[in-house]
Amino acid sequence: MKELYTWAAIAVIVAASTTGDVFLSHAMKKVGDVGELWKRHGLLHVVGRILGTPTFPLGLVAMAVAFYSLLFALSWGDLSLVVPASASLTFVANAFAARIFLHERVGKRRLLAALLVAGGVALMAV
Amino acid sequence: MTFRKYLVLAGVAAFSSAGDSLLARGMKDLGNVSLHNLSSLILAILDPWVASGILLLLAFFASYMSALSWADLTYVLPASSLGYVLVALVARFGFHETITPARWLGIALITAGVGFVAAGPSLTARKHAPVAASDVISPEAQP
């Protein structure tokens, strides 16, 4: 039962994190280079611009779901399993989501990396 | 890639792993959370370890947002992979958790995979980007 809870929580973390990452990445691309904006217009302008981007709050909600699922998973499973497993599976899911929704060029290099990461996750579950 | 940008990526890895480790420490104090007492997850933020973890995760979030403003999502996530190694070291030496050879190999594969991506371009050209290219692509970030 303990393992089932841990892996169920990891699945929720992956789904919510991927959704959040896609929304937040979309929002931040719309905002532009934060460092440059800060230099030119100041911190308040940067914060206002981020908060004014519609996909930002959606990303935050998804990340909050992922965060509480992480707390839940950490109370049941080992830190060295929960954190790398959820983060790595999120990375693989993100490779596909970024290609589909953000139109990033996920070429051979990034796909090979996704396979290496997936292999690593499988080994960690042994 | 400038020094500032590498520093931001290092921040993503360091704050993330340190925050997760403090959260784990706090959640061990609280014991197992079941579906019958989910409210204890809300109260968990009052625990000093969990609260410190949340502060570090806020720092992670700030550096993560900054990195996403000038690099691909599929670049930022793997580039911060050093965090996995840090978490494993903290789990092993901080919490005395047992890490089997298979898990060590898994961590090595994950790190190799994400390191592979980090060697490539940070921002890829988009034919049908949902965001105007002038907003995001700076000359130094071009592949």
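## Chain A overall

Within chain A, 76% of the contacts between residues at least 6 apart in sequence join residues at least 24 apart; two residues are in contact if their C-beta atoms, placed from the backbone, lie within 7 Å. This is a predicted model, in which local features need pLDDT of at least 70 and side-chain atom pairs count only at pLDDT 80 or more, while totals for chains, interfaces and linings use all residues. Residues are numbered from 1 along each chain as its sequence is written, and chains are lettered from A and ligands numbered from 1 in the order in which they are written.

Chain A has six helices and zero strands, where helices (H or I, at least four residues) and strands (E, at least two) are DSSP runs numbered from the N terminus. Along the sequence the pattern of chain A is α-α-α-α-α-α. Its C-alpha atoms fill a box of roughly 50 × 35 × 20 Å, taken along the principal axes. Of its 126 residues, 52% count as buried. A residue is buried if 20 or more other C-beta atoms lie within 10 Å of its own, exposed if 12 or fewer, and partly exposed in between.

## Two helices of chain A

In chain A, the axes of helix H2 (residues 34-41) and helix H3 (residues 43-51) come within 7 Å and cross at roughly 130°. Axes here are lines fitted to C-alpha atoms, for helices over the stretch in contact, and angles run from 0 to 180 degrees between N-to-C directions.

Sorted by class, the contact has five nonpolar, two polar and one charged residues. Ala, Val, Leu, Ile, Met, Phe, Trp, Tyr, Cys and Pro count as nonpolar, Asp, Glu, Lys and Arg as charged, and the others, Gly among them, as polar.

## A residue with positive phi

A:His103 has a positive phi of about 60° although it is not a glycine. Most residues other than glycine have a negative phi. A:His103 lies in the loop between H5 and helix H6 (108-124) of chain A. With 16 other C-beta atoms within 10 Å, A:His103 is partly exposed.

## Chain B overall

Chain B has seven helices and zero strands. Buried residues make up 43% of its 143 residues. The 28 residues of H1(B) should span 40 Å at 1.5 Å a residue, and the end C-alpha atoms are 41 Å apart, which agrees; the expected span is 1.5 Å times one less than the number of residues. After H1(B) comes B:Gly31, with a positive phi near 85°.

## Where the chains meet

In chain B, 53 residues are in contact with 46 residues of chain A. H6(B) gives the most to the side of chain B that touches chain A, with twelve residues. That side has 33 nonpolar, twelve polar and eight charged residues.

The largest nonpolar core has 73 residues, of which A:Ala73, A:Leu74, B:Val12, B:Ala67, B:Leu68 and B:Val76 touch the most other members. Such a core is a set of buried Ala, Val, Leu, Ile, Met, Phe, Trp, Tyr and Cys residues joined through C-beta atoms within 7 Å. Not counting residues up to four places away in sequence, A:Leu74 touches A:Leu79, A:Val82, B:Leu23, B:Ala24 and B:Met27.
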